[in-house]
Amino acid sequence: MVRQAVKVGLLGLGTVGQGVVRIISDHQQDLYKETGLHVEIDKVLVQDLHKKRETEVNPDQITLHPEEVIENPEIDVVIEVMGGIEPAKEYILTALKRKKHVVTANKDLMALYGAEILRVAQENQCDVYYEASVAGGIPILRALMDSFSSDRIHKIMGVVNGTTNYILSKMSQNKANFENTLSEAQKLGYAEADPSSDVNGWDAAYKMSILSTLGFHIAVHPDEVDVRGITQVTMEDIELGKDLGYELKLLGLAKRDDEKVEVSVQPTFLSRKHPLASIDGVNNAILIEGEAVGETMFYGPGAGSLPTATSVVSDLVTIIRNMKLGVNGQRMVAPYETKRLKTDREKGSKYFLRLVVADERGVLARLTQLFAENHISMEQVIQKPYNGGYRAEIILVTHEAVKADLNRVLASIHQQDGISELKSCYPVLER
């Protein structure tokens with residue numbers, strides 16, 4: 001019997017799930033033209049049968065029982081948009097063992113357990129696609145797997161968290177403090193009621209783990225990402241950086257030099273000439289540097305119902321095409337290169353530092369000597385009065401410095417006579 005349709009099971013009917021239902025319903029003709037098959041949603045797993053939703057679903061399709069999706073022999077593809085680690089992991093692994101292909105938007109799950117999920121998929125000759133787990137509607141994972149498959153990637157950097165980018169953009173534009181801007185982002189729906197994963201940098205770290213694993217073909221765990229969030233960023237930091245020609249962004253950076261890799265997420269001052277410096281609001285942007293192609297940049301909405309759902313349905317289309325070609329499960333490539341992580345002696349950057357010191361002779365000389373003893377030279381030194389009295393504020397921008405050398409300076413700076421406080425320290429990236 002000739003197959004006429006592909007049946008889909010949906011795990012979750014939240015913001016993204018409703019977007020998936022809308023796109024599949026509204027784009028039936030386009031999907032048929034792309035795949036040659038009709039796409040039908042067979043069952044949808046929800047937590048509440050009676051919850052009012054913006055997108056209508058046939059009540060007969062809705063269920064409270066996960067087995068009606070993951071054990072259903074009629075369903076070909078399971079789409080997971082429920083989020084969280086468990087029970088999503090259990091459902092996905094069970095679906096794969098039942099020979100069902102999987103699309104997921106779950107960055108936490110893929111960052112932490114992606115290797116296991118891909119292994120089970122390969123064992124069962126199933127596809128797993130997860131484009132929507134990073135940067136919403138931007139097709140960055142497909143680009144890494146397809147467009148850059150013949151190139152060797154040296155660097156992946158980006159603004160990959162819309163919540164923190166919105167907060168830093170508004171702090172810069174409105175000269176507002178962190179707490180007030182976060183509260184505004186929550187009221188507008190750009191930040192969760194519990195924003196800790198975003199503002200502490202972990203959301204971005206999960207995404208950089210996925211990107212660096214795909215880009216460098218090594219298994220990078222989120223715990224191996226050097227993470228620092230934006231909760232300590234002040235309006236004064238941003239304003240002083242702007243005076244020097246910089247914009248502050250929560251920057252994800254994955255870099256490979258001499259077969260060694262570093263992956264980090266941290267607030268970073270970018271020169272205004274840098275293409276990522278102008279990324280404002282909730283938008284995301286990812287810059288990839290390849291050995292052959294040079295620099296390319298991907299820009300667009302990093303979240304939202306329809307942008308994210310577009311990536312999900314695009315993965316669904318890819319799976320259906322693979323089904324027709326009989327090549328499901330053949331593109332699951334596990335990380336195959338040896339992982340060698342850089343030490344702090346192998347990492348380097350320019351740095352911005354802001355200190356409060358006693359306004360007296362000899363302090364700047366002692367500070368300069370401390371940096372010189374640790375092999376760090378100054379590019380810029382600015383001194384300003386600090387809240388009256390007998391203290392001053394010193395703003396430093398170093399030349400390129402080894403991170404281990406900077407760490408020694410930071411560890412001993414409070415022991416220096418006349419230096420009362422280190423207000424802030426950020427990496428600096430020029431164009």
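Figure 1. Lys155 stands opposite Glu289 in β11. This is a predicted model, in which local features need pLDDT of at least 70 and side-chain atom pairs count only at pLDDT 80 or more, while totals for chains, interfaces and linings use all residues. Residues are numbered from 1 along each chain as its sequence is written, and side-chain values use heavy atoms, with hydrogens and water left out. Helices (H or I, at least four residues) and strands (E, at least two) are DSSP runs, numbered from the N terminus. Two strands pair if DSSP finds at least two bridges between them. Strand β7 (residues 153-159) and β11 run antiparallel and are joined by six bridges. β11 is also joined to strand β12 (residues 294-301), again antiparallel, by eight bridges. In that pairing, Asn283 stands opposite Pro301 in β12. The hairpin that connects β11 to β12 passes through three residues. Of the eight residues of β11 (residues 283-290), six are buried (under 20% relative accessible area; exposed is over 50% and partly exposed in between, with a 1.4 Å probe and protein chains only).

Figure 2. Helix α7 covers residues 162-174, and its end C-alpha atoms are 18 Å apart. The expected span of a helix is 1.5 Å times one less than its number of residues; for the 13 residues of α7 this should be 18 Å, which agrees. Of these 13 residues, 10 are buried, among them Tyr166, Ile167, Leu168 and Met171. The buried residues of α7 pack against β7, α8 (178-187), α9 (196-199), α11 (235-243), β9 and β11, where contact means heavy atoms within 4.5 Å.

Figure 3. At the N-terminal end, Asn161 caps the helix: a side-chain oxygen lies 3.2 Å from the backbone nitrogen of Thr163. Just after α7, Lys175 takes a positive phi of about 55 degrees.

Figure 4. Side chains of opposite charge can pair when their charged atoms come close. A salt bridge is a side-chain nitrogen of Lys or Arg within 4 Å of a carboxyl oxygen of Asp or Glu. By this rule the model has 35 salt bridges. One of them joins the side chains of Asp203 and Lys107, at 2.8 Å from N to O. Asp203 lies in helix α10 (residues 202-216) and Lys107 in helix α5 (residues 107-123), so the pair ties together parts that are 96 residues apart in sequence. Asp203 and Lys107 are both buried. A network of salt bridges links Lys107, Asp108, Asp203 and Lys207.

Figure 5. Arg256 forms a salt bridge with Glu337, and their closest N and O atoms are 3.4 Å apart. Arg256 belongs to strand β9 (residues 246-257) and Glu337 to the loop between α12 (305-325) and β13 (348-358), so the pair ties together parts 81 residues apart in sequence. Arg256 counts as buried because its relative accessibility is 5%. Glu337 counts as partly exposed, at 26% relative accessibility.

Figure 6. The side chains of Asp42 and Lys7 meet in a salt bridge of 3.9 Å, N to O. Asp42 is in strand β2 (residues 38-45) and Lys7 in strand β1 (residues 5-11), and the pair links distant parts of the chain, 35 residues apart. Lys7 is partly exposed, with a relative accessible area of 24%.

Definitions and conventions:
A polar contact is a pair of N or O atoms within 3.5 Å; within protein, one must be able to donate a hydrogen and the other to accept it, and residues adjacent in sequence count only if both atoms are side-chain atoms.
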